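Please find below a short note for the file. Kindly read it alongside the sequence and the coordinates.

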Amino acid sequence: MKKLTLKTIQQFRKEQNAAIEKRLKPDKLTGGQMEVMVCRSTGCESIKANRILEELKKAVNSKGLENKIRITQTGCFGFCEKGPIVKILPENIYYVMVKPGDAEEIVEKHFVKGDVIESMLMEEQQGKTGRREEISIFKKQMRIVLRNNGRIDPESVNEYIAVDGYAALEKVLTGMTPEEVINTLKIAGLRGRGGAGFPIWQKWTNARKAVGENKFIICNGDEGDPGAFMDSSVLEGDPHSVIEAMAIAAYTIGSSKGYFYIRAEYSLAIHRVQTAIDKAYAIGLLGNKILGTDFSFDLEIRLGAGAFVCGEETALIASIEGERGTPRPRPPYPSIKGLFGMPTVINNVETLANIAPIIMNGGEWFSSIGTETSKGTKVFALTGKVNVSGLIEVPMGTTIREIVFDIGGGIADGKEVKAVQTGGPSGGIIPAKYFDTPIDYESLSSLGSMMGSGGMIVMDEDDSMVDIAKFYIQFSVDESCGKCAPCRIGNYQLLQILERFGKKRGQEDDIGKLKDIAFAMKKGSLCGLGQTSPNPVISTLNYFPEEYNEKIRKPRIAQKQ
């Protein structure tokens, strides 16, 4: 295929849109045509989604239906515990927990005889007739970051282009100055989704103004929070959205080189991103003179070795440079002096996935979503003791209660909800009495937690808060780089005290010690890992002090002689 130019990409987009219009707009399906979409995210792939895809194709071909039924792979639909998932259009039917051996039955009963297989249906769709409405997990969601997950084949650049992919890059290269791009982001109010919530326009401005022989763009895909799988799902389901955003960022700050930093455990995400990079190069969306303009941008992948601390910007930079991944003192900040000593913009996956929609729809559109200080949407990996766990995206300002009960379907096994944990090892535990709190950066911080990258773990009445705190401190002990004493020693000392509480051997002064150590770590640690790792301890001490008090060893009363 020839490389696209500004003159040819619009016509190419129209052709691709027409080619897949029937599958993306199922109401327009005619002549009995059907679309079968198989989720091939990591969760579904781990339980033989690839075999299901193959078996469905074999069964369709054996019935001579290959011209009437299109079978394709897609990214995560969201309700991950029900996988593997097969979606059928135009009815919007979801078959769940599908096995490779079910493929022939699906083709024979559903496509040949026209019967819906009730036993495989998502529970909410059972017993209904006609075209199924979307299931409740999608209610109250607004998909911007996840706009293409479950809609397109993530390994097809043509399908991405068909849904206005690379139109934002085209718009930027043909009609926007770097200053206009930055102003659009400023109006939008987009803040970093990696956890810190720093304004993106400010970071890009700093890098644009900084002086350097070279400048770099880095996508932080080193997602490592326990229970988090948001970024990996975006990379697996819509990698071109991140590539497009990185190219826009490069144009804006004056960069010609970018890096994807992805942890090596994410093998499927790495495969999808590399496939996307190769196809973008092949048609002139990466490399020299992109779309025939004077703008050039090269992109490659660097693998992380699974060190949680390398999610911190300066540790990530050290890792790319071939050094041990340990944080560096700041300032100077990476936007001034980053990779190889040059100005560097580092954004995480979710942040970048917001860029193209903002460019296409305008800053005012994005700013109209969310709260006064937290604009747009937030992706969460909803896990734990809920009936429906999975990947969700909600407008900022949605309450914790709405997520847990309206989207997550309430607590599993009829138990009482106790708390949620947000922000991973750096976050805190929020008790049920605060579930009407709207989710935004400031509200979560006021409760002793944080947004983090977007993990949300739900806990019920059986969960011990002391054990939860101990789990996260153990994680921080294992993942600390050991460079600074407050983190290296402090986390270990916290763990030793929590171990005593776990054995019901806590001492009277241990609670005071926990607070003193946590305070010292927050004030003295070099990077965010040490500064925030005491949060699970502090929040559980604040909200569940009785669980610590009941584990303090009571002195024995001497017996009378």
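This is a predicted model: local features need pLDDT of at least 70, side-chain atom pairs count only at pLDDT 80 or more; totals for chains, interfaces and linings use all residues.

The points below concern a pocket and a group of paired strands.

1. The largest pocket. Its volume is about 1300 Å³. The lining comprises 49 residues. Those nearest the centre of the pocket are Gly-194, Gly-195, Ala-196, Gly-311 and Glu-312.

2. Elements that contribute to the lining. At least two lining residues come from each of α8 (200-209), β8 (344-348), α17 (441-446) and α21 (528-532). Strand β8 provides the largest share, namely 5 residues.

3. Of the residues that line the largest pocket, 24 are polar, 15 are nonpolar and 10 are charged.

4. Partners of β11. Strand β13 (residues 455-460) runs antiparallel to β11 and is joined to it by 5 bridges; in this pairing, Thr-422 faces Met-456 of β13. Strand β12 (residues 428-431) also pairs with β11 in the antiparallel sense, over 4 bridges. Here Val-420 stands opposite Ile-430 of β12.

5. The hairpin. Which residue in the turn between β11 and β12 has a positive phi? The two strands form a hairpin with 5 residues between them, and Gly-423 in the turn has a positive phi of about 85 degrees.

Notes
Residues are numbered from 1 along each chain as its sequence is written. Side-chain values use heavy atoms; hydrogens and water are left out. On a 1 Å grid over the protein atoms alone, a cavity is a set of points where a 1.4 Å probe fits but cannot get out, and a pocket is an open set with protein on both sides within 12 Å along at least five of seven lines; lining residues have an atom within 4 Å of a point. Grid points are joined across faces, edges and corners, and a volume is the space filled by probe spheres set on the points. Ala, Val, Leu, Ile, Met, Phe, Trp, Tyr, Cys and Pro count as nonpolar, Asp, Glu, Lys and Arg as charged, and the others, Gly among them, as polar. Two strands pair if DSSP finds at least two bridges between them.
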